[in-house]
Amino acid sequence: MLNFRKNTFRHGVHPPEHKDETNGLPIRQFPFAPVIILPMVQHIGNPSEIVVREGQEVVRGQLLAKANGYMSVPVHAPVSGTVRKIANVPAISGKMVPGIYLQAFPFSSQEVLEGTPIEETASKEEILQAIQDAGIVGLGGAAFPTHVKLKIPEGKHCDVLMINGIECEPYLTTDHRVMLEQADDIFTGIRYLLKATGAGRAIIGIEANKQDAADHLASRIPDGAPVSVEVVPVKYPQGAEKMLITALLGREVPSGGLPIEVNVVVVNVATTAEIGRLLPHGRGIQERVVTITGPGVKKKGNYLIPVGTPLRYVLEQVGADGQISEVYMGGPMMGVAVSNLDISVVKGTSGIVVFTEKEVKRPQKIYPCIKCGACVDACPISLNPSRLGILAKFEAYEQMTDYHLMDCFECGACSYVCPSNIPLVQYFRLSKSVIRKRQTTKQTAESDK
Ligand code: SF4
Ligand code: SF4
């Protein structure tokens, strides 16, 4: 069933999409880098625990690091090769984290190791365990361990599984291509997910700029499957979970709450496809689809890239078009501008967007707030970014919490519209991390009493 909806959330913005450059380009296999650099912190939670030693030869798909507790996932070998070094490696956060340098065998067929298949008839618990064992995290960029997200808390229940194919971030077309090319994997993934969550039906949400993907998936829904495809208007950040739930179901997730408060679990469409692709073979995740684009890239496209491929190698392969000035991991709205080309593609890397000196005007002068209210009109969750920005400047963190700072999901819509160039979202990211650190320190001090 294919439905068109006029409903959407309040506020939001319409940045230029820049998707035409890659949305018609089929997914291609990326070459294997001679050396893969694998951080053990590719997900939210405890770092994975390395189980191989230096000098050991490994096969593609083999377990390299196990999950360190419930809030963690394992890491599998993206290539067959030799563990050259176990040492700290640079991460996207700018920090050094534990990691593995893996030297690929140059003439290997790079066949992937098969594990024990997980049948669709497996129990809820077995499916959740299999998802953790496969090392699956949110591939939309959040990198939150998927098995944790799918676990329904005591006393709650899930009636709708929402598959997020919105991909509202400018430039990125990863999910778009996955929906066009991996329909079977998506529907297999949905069957596992319905079982794992207990939901009675699934809705695939897609923005109107991907009508071909919506038509394609609607035409491939297996007979009798409780799945519908819903098309929603194009608006940023329509892909945020709370916005999508409001648009498709008219339910409002309360401040500070999760989608399960309104009986919904949201899973990204590429994550769903990966579950459907890996579980029937008992495999772990070793590669992902990444959009490589931007004015600074010669060979733009959607590539299936082994996790751990160094960014420097990626850029060498696709070729720079002009003097590179800024590289984003993820899109320009919610992604991170990287300062180090030695970091690697990780499980959460949905895109690499490269800008040249022509597009990036520097330095951008920051002016005082003129109280124009544009940021208030843009914020999809009706925060007051102008007020929060002023409080951030004065480091008034407690007051910021009163103004619901912790609900901000860093979409960047407020910064995008600000005529004074105030980097509001950077202020909020920083303030949230200070508040979280203070809360942890307080909790530790209390538990030591
Ligand atoms: S970054 Fe936060 S404050 Fe700014 S528009 Fe998005 S949700 Fe609102
Ligand atoms: S958009 Fe910028 S200048 Fe306008 S009210 Fe918000 S912070 Fe102030």
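**Ligand shells, sheets and helices**

Reader: Which helices each supply at least two residues of the shell around ligand 2?
Author: The model is predicted. Around ligand 2 there are 15 residues, of which C369, C372, C375, S386 and C418 come nearest. At least two residues of this shell are supplied by each of two elements, helix 9 (374-378) and helix 10 (385-393).

Reader: Which element gives the most to the shell around ligand 2?
Author: The shell around ligand 2 divides into ten nonpolar residues, four polar and one charged. S386, among the residues that come nearest to ligand 2, has a number within the range 385-393 of helix 10. With three residues, the element that gives the most is helix 10.

Reader: Which element provides the largest share of the shell around ligand 1?
Author: Ligand 1 has 15 residues around it, and C379, C408, C411, A413 and C414 come nearest. Two or more residues of this shell come from each of helix 12 (413-417) and helix 13 (424-448). The largest share, three residues, is that of helix 13.

Reader: How do the residues of the shell around ligand 1 divide into nonpolar, polar and charged?
Author: The residues that come nearest to ligand 1 are C379, C408, C411, A413 and C414. Cys and Ala both count as nonpolar. For the shell of ligand 1 the division is 13 nonpolar, one polar and one charged.

Reader: What radius of gyration does the protein chain have, and what would a compact globule have?
Author: The C-alpha trace spans about 60 × 60 × 50 Å along its principal axes, and 48% of the 449 residues count as buried. For 449 residues, a compact globule would have a radius of gyration near 22 Å; the protein chain agrees with this, at 22 Å.

Reader: Among contacts between residues at least 6 apart in sequence, what percentage join residues at least 24 apart?
Author: The secondary structure of the protein chain comes to 13 helices and 18 strands. Among contacts between residues at least 6 apart in sequence, the part that joins residues at least 24 apart is 74%.

Reader: Which strands are the edge strands of the open sheet of five strands?
Author: The five strands follow the order 1-12-11-10-13, with parallel pairing, and the twist averages 25° from one strand to the next. Strand 1 pairs with strand 12 (residues 227-232) over three bridges, and N3 stands opposite E230 in strand 12. An edge strand pairs on one side only, and the edge strands here are strand 1 (2-4) and strand 13 (264-268).

Reader: At about what angle to strand 13 does helix 7 run?
Author: Helix 7 (residues 269-278) is largely enclosed by the rest of the structure, because nine of its ten residues are buried. Among those buried are V269, A270, E274 and L278. Helix 7 lies across strand 10 (160-165), strand 11 (201-207) and strand 13, and its angle to strand 13 is about 80°.

Reader: Which helices do the buried residues of helix 1 pack against?
Author: In helix 1 (residues 124-133), the buried residues are I127, L128, A130, I131, Q132 and D133. Helix 1 is followed by G135, whose phi is positive, near 75°. The buried residues of helix 1 pack against helix 2 (146-150), helix 4 (183-197) and helix 7.

Reader: Why is strand 14 described as largely enclosed?
Author: In a regular strand the side chains alternate between the two faces of the sheet. In strand 14, E287, V289, T291 and T293 are buried on one side, and R288, V290 and I292 on the other. Strand 14 (residues 287-293) is largely enclosed by the rest of the structure because its buried residues number seven of seven.

Reader: Which residue in strand 18 is the bridge partner of T291?
Author: Strand 14 pairs antiparallel with strand 15 (residues 301-306) over six bridges, where V289 stands opposite L304. Strand 14 also pairs with strand 18 (residues 351-356), in the parallel sense over three bridges. In strand 18, the bridge partner of T291 is G351.

Reader: Which strands stand at the edges of the open sheet of four strands?
Author: This sheet has the order 3-9-8-5, with antiparallel pairing. Nine bridges join strand 8 (residues 81-90) to strand 9 (residues 96-104), and V89 stands opposite V97 in strand 9. Each edge strand has a single partner strand, so one side of each is left without a neighbour in the sheet; these are strand 3 (35-39) and strand 5 (57-58).

Note on methods
Residues numbered from 1 in each chain as written. Chains lettered and ligands numbered in written order. Predicted model: local features only at pLDDT ≥ 70, side-chain atom pairs only at ≥ 80, totals over all residues. Pairing = 2+ DSSP bridges. Axes fitted to C-alpha atoms, helices over the stretch in contact; angles between N-to-C directions. Contact = placed C-beta atoms within 7 Å. Near = placed C-beta within 6 Å. Rg over C-alpha atoms; globule rule 2.2 N^0.38 Å. Buried ≥ 20, exposed ≤ 12 C-beta atoms within 10 Å, placed from the backbone.
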